[in-house]
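User: I'd like to learn how to read a few features of this structure. Could you walk me through them, one at a time?

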Amino acid sequence: MKKILILTLALVIAVTGCFLAVACTDNFDYEAQKSEYAAKTSYKVGVIQLAPHDALDQANNAFCEELTKLIEAEGKTVTFEKGNAQGEDANNSSIIDNFIAKDVDLIYSIATASSQTAVSKAKDYHIPVIFNAVTDPVDAKLVDKLEGQSNYVTGVSDINPIAQQVDLMVELMGGSEDLTVGVLYVSKETNSVVQKDAVKAACEAKGIAFVDESIDGVDNIGNALTSLKSKGADIVYLPTDNVLAANASAVHSQNINQNVKLPIVCGEGGMASACGVATLSVDYSYLGKLAAAQAFEILMGKKTARDIPVASQTTDFTYIVNEEIANAIGFTIPQSVIDKAQ
């Protein structure tokens with residue numbers, strides 16, 4: 001009986017070890033794939049976008065334009081299969097299935113939910129995936145680490161300079177004394193939660209009071225803004241998530257209609273144009289070009305996705321002010337901030 005038990009235990013350990021090896025090691029021949037891609041003269045790329053709004057549109061268009069330019073300079077061609085999930089997570093699966101059926105060479109996925117679907121489905125076919133507009137790709141379980149080595153996946157984070165956004169809010173409000181920063185975020189979006197937590201940490205580091213309010217959809221925006229004001233918020237940060245970005249105009253109208261009239265700092269310029277008084281913005285066209293450079297390296301057979309670290313914008317953020325929005329809520333933007341924007 002003891003011998004049987006020992007043999008059974010050994011078998012369990014061996015099988016478990018095999019499962020762990022499968023989880024940790026991909027035995028696919030990436031070098032052969034590099035050679036195959038290098039020999040091609042034409043490529044097919046699937047582009048999936050979670051929702052239609054300005055930031056994601058920029059990341060989409062810039063990627064396609066830049067990748068076309070890079071590949072044509074090599075005397076080769078690229079075509080794009082495109083799909084937009086229209087903000088519905090359920091559409092992601094059918095779009096990716098269509099890409100796989102059409103035998104795309106690479107998938108470019110824009111926003112977290114679309115990227116998660118692309119990564120989960122592409123792995124069985126070893127199709128390289130490049131994501132974009134994902135704030136924390138490790139938290140979203142797209143990659144194990146930002147430095148690379150995640151087999152067939154890499155991409156671009158759209159993290160904006162949170163600590164500097166908090167500094168901007170302090171400057172807008174004339175100092176940090178007695179200041180309370182509020183965050184309106186979408187509880188179901190990883191990007192939104194990550195940024196909310198980052199703002200909270202930045203405020204705590206500077207001794208600034210912090211409050212937050214979550215929503216699960218656009219119908220809650222007005223009540224959430226009212227709640228933030230009742231909690232003492234003097235200024236509000238709006239993360240770069242897809243629900244709020246697609247409904248930034250509704251945020252402004254509710255800010256007015258509910259007589260909240262709090263100044264809002266948005267995570268990026270497209271949102272600020274609709275509801276914010278200012279931002280220190282990432283450039284989604286630039287992020288699209290970063291992703292195109294990654295795709296080019298892969299399609300030319302120079303590198304695999306596992307060789308390419310996750311990229312992000314680290315410098316040259318853009319100060320943007322919106323005096324029209326400020327006037328509508330009766331807020332005066334300090335001249336020091338206006339000078340930076342100019």
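Analyst: Gladly! Let's begin with a polar contact, which is a pair of N or O atoms within 3.5 Å; within protein, one must be able to donate a hydrogen and the other to accept it, and residues adjacent in sequence count only if both atoms are side-chain atoms. Here the side chains of Ser109 and Ser115 are joined by a polar contact of 2.8 Å. This is a predicted model, where local features need pLDDT of at least 70, side-chain atom pairs count only at pLDDT 80 or more, and totals for chains, interfaces and linings use all residues. Residues are numbered from 1 along each chain as its sequence is written, and side-chain values use heavy atoms, with hydrogens and water left out.

User: Is Ser109 buried or exposed, and which residues does Ser109 touch?

Analyst: Buried means under 20% relative accessible area, exposed over 50%, and partly exposed in between (1.4 Å probe, protein chains only). Ser109 has 0% relative accessibility, so it counts as buried. For touching, contact means heavy atoms within 4.5 Å. Not counting residues up to four places away in sequence, Ser109 touches residues including Ile48, Ser114, Ser115, Ala118 and Phe131.

User: How do I read helix packing, say for α8 and α10?

Analyst: Axes are lines fitted to C-alpha atoms, for helices over the stretch in contact, and angles run from 0 to 180 degrees between N-to-C directions. Helix α8 (residues 221–230) packs on helix α10 (residues 248–257) at about 55°, with axes 9 Å apart. Ile221, Gly222 and Leu225 of α8 meet Ala250, Val251, Gln254 and Asn255 of α10. Angles under 35 degrees count as roughly parallel, over 145 as roughly antiparallel, 65 to 115 as roughly perpendicular and the rest as oblique; α8 and α10 are therefore oblique to each other.

Note on methods. Helix = DSSP H or I, 4+ residues; strand = E, 2+ residues; numbered from the N terminus.
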